[in-house]
Amino acid sequence: MAFPEDVLTEDEHVVLHLHPHWKALIRPILVLVLAVAAVVAGWVLLPEGDGGTIALYVIAALGLALVLWLGLWPFLIWRTTHYLFTNERVLLQEGVFSRNRRDLPLTRINDHSMHQKFVERLLGCGTLTIESAGERGQSVLTDVPHVDRVQTKLYELVEAHHDKHSLGDGEMRDILADMAEGKSLRDPSA
């Protein structure tokens, strides 16, 4: 599922669009492989006749149920979880049937940190925690691929947004100089 572009504002553009790390798909793939192996083994090893056929159907039904529950469902969760970083905010969206979305404006991000366990360092993923000024405070993004690069990019986005929407030293000096000369800020012709 692609992230819908209609949630973006007019001047907003996507900088990073991520799903959780591919390690979330290891278990679903293993379940699929084991289910197929069990059905093939049952087909080869079970005796011919009604008893063997019924046993094969039971194995196939259990395999299918396990693939749907432990294989397809985690895949759908992985596929519908989005970590979207734009030039104005961070959007977190998840949900297969229902949808949860959280917007974190870059202006409200106070702090961000990353954590990687040893195995996560080997796989190139980790946890990114974003603290924002608001009621919910912290947002924890788990299994972020290349979490170190994502944290650096988030820092760059926050700083660029801050620089874009704040006065620089030169601009502040010009305003103060104009005020000292008696020019009105409201009347540009003065």
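**Entry 1. Terms and overall make-up**

I take helices (H or I, at least four residues) and strands (E, at least two) as DSSP runs, numbered from the N terminus. I note at the outset that this is a predicted model.

I looked up the elements and found five helices and seven strands in the chain. Read from the N terminus on, I get the order β-α-α-β-β-β-β-α-β-β-α-α. The chain has 190 residues, and I find 32% of them buried. I also looked up contacts between residues at least 6 apart in sequence, and 53% of these join residues at least 24 apart.

**Entry 2. The annotated spans**

I checked the UniProt record, an unreviewed entry, which places the annotation "transmembrane region" on residues 25-46 and 52-76. I then looked at what the model has there. Residues 25-46 are 91% helix and 0% strand, and I find their end C-alpha atoms 31 Å apart. For residues 52-76 I find 100% helix and 0% strand, with 34 Å between the end C-alpha atoms.

Next I looked for nonpolar surface. I found a patch formed by L32, V36, V40, W43, V44 and L45, which together have about 670 Å² of accessible area. I followed up V44, one of the patch residues. V44 sits in helix α1, residues 26-45. I count V44 as exposed because its relative accessibility is 59%, and the cut-off for exposed is over 50%.

Is strand β3 enclosed or open to the outside? I find five of its six residues (89-94) buried, so the strand is largely enclosed by the rest of the structure.

I then looked up the partners of β3. Strand β2 (residues 82-86) pairs with β3 in the antiparallel sense, over four bridges. As one bridge I note Y83 with L92 in β3. The two strands make a hairpin, with two residues between them.

Strand β4 (residues 100-105) also pairs with β3 in the antiparallel sense, here over six bridges. V90 has L104 in β4 as its bridge partner. β3 and β4 form a hairpin too, with five residues between the strands, and in this hairpin I find G95 with a positive phi near 130°.

**Entry 3. Salt bridges**

I found five salt bridges in the structure. I remind myself that side chains of opposite charge can pair when their charged atoms come close.

I took R89 and E12 to begin with; their closest N and O atoms are 2.7 Å apart. This pair links distant parts of the chain, since R89 is in strand β3 and E12 in the segment before β1 (14-18), 77 residues apart. I count R89 as buried because its relative accessible area is 12%. E12 is buried as well, at 7% relative accessibility.

I looked next at K23 and D143, a salt bridge with 3.2 Å between the closest N and O atoms. This pair also links distant parts of the chain, with K23 in the loop between β1 and α1 and D143 in strand β7, 120 residues apart. K23 is partly exposed at 24% relative accessibility, whereas D143 is buried at 18%.

A further salt bridge joins the side chains of E156 and K153, at 3.3 Å from N to O. Both residues lie in helix α4, and I find them three residues apart, about one turn of the helix. I count E156 as partly exposed at 41% relative accessibility, and K153 as partly exposed at 30%.

Most residues other than glycine have a negative phi. I looked for exceptions.

D143 came up again: its phi is near 55°, a positive value. I place D143 in strand β7, residues 138-145. D143 counts as buried because its 18% relative accessibility is under the 20% cut-off.

H146 also has a positive phi, near 50°. Where does H146 lie? I find H146 in the loop between β7 and α4 (147-164). At 40% relative accessibility, I count H146 as partly exposed.

Notes: Residues are numbered from 1 along each chain as its sequence is written. This is a predicted model: local features need pLDDT of at least 70, side-chain atom pairs count only at pLDDT 80 or more; totals for chains, interfaces and linings use all residues. Side-chain values use heavy atoms; hydrogens and water are left out. Buried means under 20% relative accessible area, exposed over 50%, partly exposed in between (1.4 Å probe, protein chains only). UniProt positions are given in the numbering used here, feature names are shortened, and annotations may be inferred rather than shown by experiment. Patches are made of residues with over 30% relative accessible area and no salt bridge: like charges are joined within 9 Å, nonpolar side chains (Val, Leu, Ile, Met, Phe, Trp, Tyr) within 5 Å. Accessible areas come from the Shrake-Rupley method with a 1.4 Å probe; for residues, only the protein chains shown count as cover. A salt bridge is a side-chain nitrogen of Lys or Arg within 4 Å of a carboxyl oxygen of Asp or Glu. Contact means heavy atoms within 4.5 Å. Two strands pair if DSSP finds at least two bridges between them.
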